[in-house]
Amino acid sequence: MIDLPILVDDSLFDAYDVQKARRNRGMPLEALALDTTPVGMHYLLAHFDIPIFDPDTWSLGITGHVKKPLTFNLEQLRRFPRMSQIVTIECAGNGRTHIEPRPPGNPWGYDGVSTSIWSGVSLQLALNEAEILKSARSVVFSGADFGERLGRTEYYKRALSLEEAASDDMLLAFEMSGRPLEPQQGAPLRLVAPGWYGMAHVKWLTGIELIDHEFDGPQHEAYRIKQSEDELGEPVTKMKVRSLMIPPGYPENSHRHRLLEPGLVTLQGRAWSGTAEIERVEVGINNVWAESVVEPAVADRKAWQGWTYQWGAESGEHLLRCRATDALGNTQPLVPSWNLRGLANNAVQQVAVTVR
């Protein structure tokens with residue numbers, strides 16, 4: 001069998017890593033065959049405990065640098081025009097276990113990504129209702145989840161600049177794939193920020209505050225790409241270009257090595273980018289690269305695109321890879337680059353297979 005350069009030694013994962021992995025879960029990669037991810041297969045990440053709300057008593061406040069501070073309940077939000085979008089969301093730590101040496105954090109493989117139909121109301125409409133003052137610079141989104149980090153208690157908060165928040169695709173979502181949000185996915189209301197990594201899609205929303213300066217709370221500091229704690233680093237924002245392949249064939253039971261029969265095999269998967277549509281996906285078979293067929297992007301979708309490639313599989317050991325390029329010319333690297341928290345790793349996926 002081909003040995004992949006990934007970390008699988010159990011000694012590299014301590015009890016805290018195992019605890020994180022049990023509370024958070026990835027999407028099985030076979031779900032890449034579907035345009036949208038079933039609710040029960042959608043990836044999950046909760047930084048703290050999952051808050052449980054009574055939807056009848058929950059409310060959302062819009063405060064700060066606005067002319068009319070407002071409070072909405074769910075019934076009032078539903079009176080706004082309904083808005084639905086198909087959006088791919090990827091965890092910023094996706095692929096962390098494929099970085100060597102492995103940075104601390106939830107031990108994601110390639111499975112921290114999913115796509116759903118999100119429904120709710122336009123963030124822009126809700127903010128306009130409060131009449132934003134000219135002094136406003138940033139929009140801070142507060143979740144109800146909280147805990148202690150680095151010796152201080154904090155609620156989960158993230159912010160967007162006023163310009164970013166004013167984008168007409170920002171969504172206050174109360175439904176996921178045609179049903180009310182599940183508690184673990186942010187019920188009763190969450191932000192959906194198309195194109196951004198998952199940390200920006202604040203769940204369990206209770207407050208939106210407009211402030212007159214740039215926000216830089218703990219959950220902004222935590223999502224910076226840097227080599228050491230002494231650096232300020234670059235903030236993690238939009239999803240980098242990435243492609244994933246459905247592992248072909250069938251798995252060996254203990255370590256899920258892939259097994260195939262010789263003959264024509266359809267390789268398929270999905271590709272996405274937070275900044276542009278996908279222009280091409282190349283498939284590598286033992287370091288020989290060829291173009292796949294990529295589904296065209298749909299204008300009103302903020303979601304992954306499908307791709308397929310026909311491979312004549314011959315007996316032996318093979319290493320399969322896929323590499324996407326978006327319309328801005330961004331291409332996936334072959335090898336991940338290391339950073340302190342293992343963020344925004346979009347290096348190519350590798351799948352070792354045995355054809356017999």
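A: A pocket is defined on a 1 Å grid over the protein atoms alone, as an open set of points with protein on both sides within 12 Å along at least five of seven lines. Lining residues have an atom within 4 Å of a point. This is a predicted model, where local features need pLDDT of at least 70, side-chain atom pairs count only at pLDDT 80 or more, and totals for chains, interfaces and linings use all residues. Residues are numbered from 1 along each chain as its sequence is written, and side-chain values use heavy atoms, with hydrogens and water left out.

The second largest pocket has 26 lining residues. Lys20, His47, Gly105, Asn106 and Tyr223 lie nearest its centre. Two elements, α1 (15-23) and β5 (138-149), each give two or more residues to this lining. Helices (H or I, at least four residues) and strands (E, at least two) are DSSP runs, numbered from the N terminus. The most comes from α1, with 4 residues.

By type, the lining splits into 12 nonpolar, 7 polar and 7 charged residues. Here Ala, Val, Leu, Ile, Met, Phe, Trp, Tyr, Cys and Pro count as nonpolar; Asp, Glu, Lys and Arg count as charged; the others, Gly among them, are polar.

The space in this pocket is about 730 Å³. That volume is the space filled by probe spheres set on the grid points, which are joined across faces, edges and corners. The probe has a 1.4 Å size.
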